[in-house]
Amino acid sequence: MKKCILSETRIIFRLKKMIIHLIFTVLALKYVEIEEVNEIDQFLGKGRPVFAKFHKTGCPNCILMEEEFSRAASFFDNVSFIGINCMDVTPLCDRFEIRSYPSLYLFHPFNTVNYTEFQGDRSADGFSDFIEKETKIIGKRPPRILSELNPFTFDSFIHDNVCTFITYYAHWCKHCKKFLPEIHKSSIAFQYETNAKLAIVNCGLYDELCKRLEIKNYPTAIIYRNSSHQNSDLQEIEFNDERNSKSIINFVNEQCGTNRQFDGMLNDKAGLVSEAALIVKEFIEGENRINSINNMKKIDGTEFYIKVMNRILQHGFEQVKKDMDIMKNLISNKKGKMTTIDEMKKRYNVFAQFLIIDENTSEKTEL
C-alpha cells in the first residue's frame, strides 16, 4: 500500500513538472496564432502592448511578410505578437473592421479598443522601429544591414561611399510592399562589402527630399557611382530589371564591380583577372613555363597568379589540391574575419583556374 501511495505521489509530482514546463514554454513563445475568438482576451487589456497581425490564407503580401513579422517578435520580451487568420476567426476580424490583408494594429497596455495602425516598411526593422516609437520599449535586435536614410543622412551616404543602391518607396504603395522584402534579401548579399551599400528612403515621410531628387514613381531604385567623392562626378543608373533579389544582386555586382552572392560570400569570379586566363592555359599546356611566368608579370593585378605558378613548379599540382582543400574548409566554416575570408576566396578562385585547366588537359591526354 505504501508503495502505491508513493507511486501516485511521484506521478502527481511529474505531472506538475510537466504542466509548469508547458506553461513556461507557452510564455516563452514570441509569436502566438489566435485560433479561438476568446483567446484574444488573454492578450488585450493586459499590462503589455500587443502587436496584432490580421491575415488571410493565400494572401501573397501576408506570406511575404510572415518571416519578417516572426523575426521582429523575437526582438521583444515585453511586447506580445499575435496573428489572427480572418478565415478561421472571422468574428474577430469583423469586430475590428478588417478590410484589407495584412492589417497590423498595435494595442497599448490596458486597452482593448483603441489601437495604432502600422503603415510602414513591412520588415523586421520596420516593425521594430514602429513599436519602439509608439511604446518606448527598445527591442534586442542585431545591427541593421539595410540603412534607412533621411534628409540629414542622404547626401553624406551617397558621397562617402563609392557605389550605393537606393530604393525610394512610399508606405501606401502596393508595389513597394512587394519590392521591399526583395531589397532586404539583397542587402544580406552586400553586408560585408565595402564597395557597395544598399539603403532605402521613405518618400511618405520625407516628401521634400524625394521632390528635390525628382522621384516621381514608386518604387524607384537608383545606383549612384561616386569614385572621386565629388558631386560633379556622381553617376546615376536607374534599376529597370525584374523586381526580385536575384536581379538586384546581379545589377549591383555589374554596376559596382562587386562579386557577391546571396549569403554575402564572394562568388567564383572574385579575384580573377580576365587577361590572365590565356597565360594560365599556356602555362599548363606549354613546355616553357618560365616564359609563361614572365608573360604573366606584364599584366597588372596578377601577383597571386605568379605565386601559384611558382608553387606548381616547386611542389606540383598535388600540393595545390591540398592547399585548396584547406582553404575550402576555412571558407565554408567562415573561420576568421570576413576580410580575411574574402581574400582567401579570391586566392581559392585563382588556384581553381589552374586546376580546372590542368584536369581538362589531363582528360584530353588520356583520350
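Helix α4 (residues 124–135) lies across β2, β3, β4 and β5, running at about 30 degrees to β4. Helices here are DSSP runs of H or I with at least four residues, strands are DSSP runs of E with at least two, and both are numbered from the N terminus. The angles run from 0 to 180 degrees between N-to-C directions, using axes that are lines fitted to C-alpha atoms, for helices over the stretch in contact. This is a predicted model, where local features need pLDDT of at least 70, side-chain atom pairs count only at pLDDT 80 or more, and totals for chains, interfaces and linings use all residues. Residues are numbered from 1 along each chain as its sequence is written, and side-chain values use heavy atoms, with hydrogens and water left out.

- Look for an open sheet of 5 strands, in the order β1-β3-β2-β4-β5 and with mixed pairing; two strands pair if DSSP finds at least two bridges between them.
- Its edge strands are β1 (31–34) and β5 (115–117), and each of these pairs on one side only.
- From one strand to the next, the twist averages 25 degrees.
- Helix α2 (residues 60–73) packs on this sheet too, touching β1, β2 (50–55), β3 (80–85) and β4; contact means heavy atoms within 4.5 Å.
- The direction of α2 makes about 165 degrees with that of β2.
- β4 (residues 103–107) and β5 pair in the antiparallel sense, over 3 bridges.
- Y105 has E117, in β5, as its bridge partner.

**The other sheet**

- Another open sheet has 5 strands in the order β6-β8-β7-β9-β10, again with mixed pairing.
- β6 (147–149) and β10 (235–238) stand at the edges with a single partner strand each, so one side of each has no neighbour in the sheet.
- Here the twist averages 30 degrees from one strand to the next.
- β9 and β10 pair in the antiparallel sense over 4 bridges.
- I223 has I237, in β10, as its bridge partner.
- As background, strands of a sheet pair through backbone hydrogen bonds, either parallel or antiparallel.

**Cavities**

- The structure holds 2 cavities of 30 Å³ or more. A cavity is a set of points, on a 1 Å grid over the protein atoms alone, where a 1.4 Å probe fits but cannot get out, and lining residues have an atom within 4 Å of a point.
- The largest cavity has about 40 Å³ of space; a volume is the space filled by probe spheres set on the points, and grid points are joined across faces, edges and corners.
- Lining the largest cavity are G120, D121, R122, Y169, A170, H171, C173, C176, K177 and L180.
- That lining splits into 5 nonpolar, 2 polar and 3 charged residues. Ala, Val, Leu, Ile, Met, Phe, Trp, Tyr, Cys and Pro count as nonpolar, Asp, Glu, Lys and Arg as charged, and the others, Gly among them, as polar.
- Helix α6 (residues 174–189) gives the most to the lining of the largest cavity, with 3 residues.
- Domain 1 (32–135) and domain 2 (147–256) each provide at least three residues of the lining of the largest cavity; the bounds come from an automatic or database domain assignment.
- The second largest cavity has about 30 Å³ of space, and its lining is made up of N61, L64, M65, R122, K177 and P181.
- α2 and α6 each supply at least two residues of the lining of the second largest cavity, with α2 giving the largest share, 3 residues.
- By class, the lining of the second largest cavity has 3 nonpolar, 1 polar and 2 charged residues.

**Backbone spots to check out**

- The peptide bond from Y101 to P102 is cis, with omega near -10 degrees; P102 sits in the loop between α3 (90–95) and β4.
- Another cis peptide bond runs from Y218 to P219, with omega near -5 degrees, and P219 is in the loop between α7 (207–212) and β9 (220–225).
- F110 isn't a glycine, yet it has a positive phi of about 60 degrees; you'll find F110 in the loop between β4 and β5.

**Around H175**

- H175 lies in helix α6.
- Although H175 and Y218 are 43 residues apart in sequence, they are 7.5 Å apart in space, C-alpha to C-alpha.
- H175 touches P219 and R243, not counting residues up to four places away in sequence.

Definitions and conventions. 1 Å grid on protein atoms, 1.4 Å probe; cavity = no way out; pocket = protein on both sides within 12 Å on 5 of 7 lines; lining within 4 Å.
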